[in-house]
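Trainee: Hi! Could you walk me through this structure?

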Amino acid sequence: MTADSSQDALYRQALAAHGAELARCCAGYERDPALRQELQQELHLALWQSLATFRGDCSLRTWVYRVAHNVGARHVQQHAGKAPMLALDEIEHLPDERLDPGHTERRLDLQRVMALVHRLAALDRELMLLYLEGLDAASIADITGLSARNVATKIHRIKALLARQLATPRSSP
């Protein structure tokens, strides 16, 4: 197998296993559909290019998230303040088989959580998006370059903040 075909095979494997997660990641970084599409293209290109140097020192999932984190962080820096994040009514359109439209109450709770997450500072938002994807502190630390202890502490504090925010009644429009 040549290097290019190995790289292509790894890319296909990464997309098959983590494609929906990458789409949600892009939606977490970018509200504007055109810029989100651009971000997805940048992410896919960066992922494909990076797989040429993937040696298996970490899991493929960790590698994929590390690339997504780097591309997403660069995107946020380049577009800081230019466009708001994902609107509440757009969350239901995210490609995730776990979100069943029949569960309206759960979807509304998720929308509320995501609205709060989008108001967090960039690093805190990144940590929570990774945490909400089911990654543990050690995996998030591998992706972000922070220590696992720092990640766990930050996530604990963010969760407490979100819990307090969610406990307060919503104001009527």
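**Side chains and their partners**

Mentor: Buried means under 20% relative accessible area, exposed over 50%, and partly exposed in between, with a 1.4 Å probe and protein chains only. Keep in mind that this is a predicted model, where local features need pLDDT of at least 70, side-chain atom pairs count only at pLDDT 80 or more, and totals for chains, interfaces and linings use all residues. Residues are numbered from 1 along each chain as its sequence is written, and side-chain values use heavy atoms, leaving out hydrogens and water.

Trainee: How many aromatic pairs does the structure hold?
Mentor: One. Phe 54 and Trp 63 form that pair, edge-to-face, at 5.2 Å centre to centre with 70° between the planes. Rings of Phe, Tyr and Trp (its six-membered ring) pair if their centres lie within 6.5 Å; planes under 30 degrees apart count as stacked, over 60 as edge-to-face and the rest as tilted.

Trainee: New topic: how many salt bridges are there?
Mentor: Four. A salt bridge is a side-chain nitrogen of Lys or Arg within 4 Å of a carboxyl oxygen of Asp or Glu. One of them joins Arg 24 and Glu 133, whose closest N and O atoms are 2.7 Å apart. Arg 24 lies in helix α1 and Glu 133 in the loop between α5 (122-132) and α6 (137-144), so the pair ties together parts 109 residues apart in sequence. Helices (H or I, at least four residues) and strands (E, at least two) are DSSP runs, numbered from the N terminus.

Trainee: Are Arg 24 and Glu 133 buried or exposed?
Mentor: Both are buried.

Trainee: Which residue does Glu 21 meet in a salt bridge?
Mentor: Arg 61, at 3.5 Å from N to O. Glu 21 is in helix α1 (residues 3-29) and Arg 61 in helix α3 (residues 60-78), 40 residues apart.

Trainee: Why does Glu 21 count as buried?
Mentor: Because its relative accessibility is 14%. Arg 61 has 26%, so Arg 61 counts as partly exposed.

Trainee: And where does Thr 62 lie?
Mentor: In helix α3. Thr 62 counts as buried because its relative accessibility is 7%.

Trainee: What does its side chain make a polar contact with?
Mentor: The side chain of Ser 59, at 2.9 Å. A polar contact is a pair of N or O atoms within 3.5 Å; within protein, one must be able to donate a hydrogen and the other to accept it, and residues adjacent in sequence count only if both atoms are side-chain atoms.
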